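Thanks for coming. I will go through a few local features of this one, and the structure goes up now.

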Amino acid sequence: MPAVPNSRGTSTARRTRVHVVSDVHGNTEALARAGDGADALICLGDLVLFLDYADHSRGIFPDLFGVRNADRIVELRTARRFEEAREFGRGLWAGMDRNAAIVSAVRKQYAELFAAFPTPTYATYGNVDIPGLWPEYAHPGMTVLDGDRVEIGGRVFGFVGGGLKTPMNTPYEIGDEEYAAKIEAIGPVDVLCTHIPPEVPELTYDTVARRFERGSRALLDAIRRTRPRYALFGHVHQPLVRRMRIGATECVNVGHFASTGRPWALEW
């Protein structure tokens, strides 16, 4: 890091500060302020708001089908009655071009969200994102990474986006082997940034939804093997534990940005 003079005229190393967000889910207003005071913003995905489980009037689903139908599908999913939820959804979508309707709605959200990202931003995808659309909206100050590394302030950050296969069938879910290959491709880093957590019960259990979300065994193995300083992730909105150590690594759920509007800060 470059040296800068202090008040006595001698040189000190300049510190680096990054802000990290995940699960933005349409909170454009807070996103526009998320990089304030930081050298860079890191986003761990889930920009799209398909359905707000806390406020069923918000998101693509209620915009298309109304709040009453949103109430019903949340009820079914929360009760883990996934097949009933899929059947209910199929009835609502009947006669509509589902893909076209969703892509149109996502494009509208992306136009607003990507315009709010500061420069520089380093971002990866969440499981509800549509990676194929990102190149249309990512401005020159953004770096999109998935299975890639980048240096920020002298530290190496690795990024893996998306989630693993679930009954929810969200847009960017991939198989365990493909996910593990991306983790392996990154190799040792100082900070490992993913959308989903490692497969640890305390980190994957959502206390409000009352269910385990899918974490990655390959990610857990990589943390134990390569020992990054930090493993940062989101995905689980109300985790049983937000922070824990695995060996030498501090594992941190950076928070549900859609509800808090506050980034998590890392400084060195």
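His19 sits in strand E3; helices (H or I, at least four residues) and strands (E, at least two) are DSSP runs, numbered from the N terminus. The model is predicted, so local features need pLDDT of at least 70 and side-chain atom pairs 80 or more, while totals for chains, interfaces and linings use all residues. Residues are numbered from 1 along each chain as its sequence is written, and side-chain values use heavy atoms, with hydrogens and water left out.

Is His19 buried or exposed? His19 counts as buried because its relative accessibility is 6%; buried means under 20% relative accessible area, exposed over 50%, partly exposed in between, with a 1.4 Å probe and protein chains only. A polar atom of the His19 side chain lies 2.8 Å from the backbone oxygen of Ala34. Leaving out residues up to four places away in sequence, His19 touches, among others, Ala34, Asp36, Leu41, Pro263 and Trp264, where contact means heavy atoms within 4.5 Å.

Next, the strand partner. E3 (residues 17–21) pairs with E17 in the antiparallel sense, over four bridges; pairing requires at least two DSSP bridges between the strands. Arg17 has Glu267 of E17 as its bridge partner. In E17 (residues 264–267), Trp264 and Leu266 form the covered face, and Ala265 and Glu267 the uncovered one. In a regular strand the side chains alternate between the two faces of the sheet.

Last, helix H5 (residues 98–116). Its buried residues include Ile102, Val106, Tyr110 and Phe114. The buried residues of H5 pack against helices H1, H2, H4 and H6 and strand E6.

Technical notes: Polar contact = N/O pair within 3.5 Å; in protein donor to acceptor, adjacent residues only side chain to side chain.
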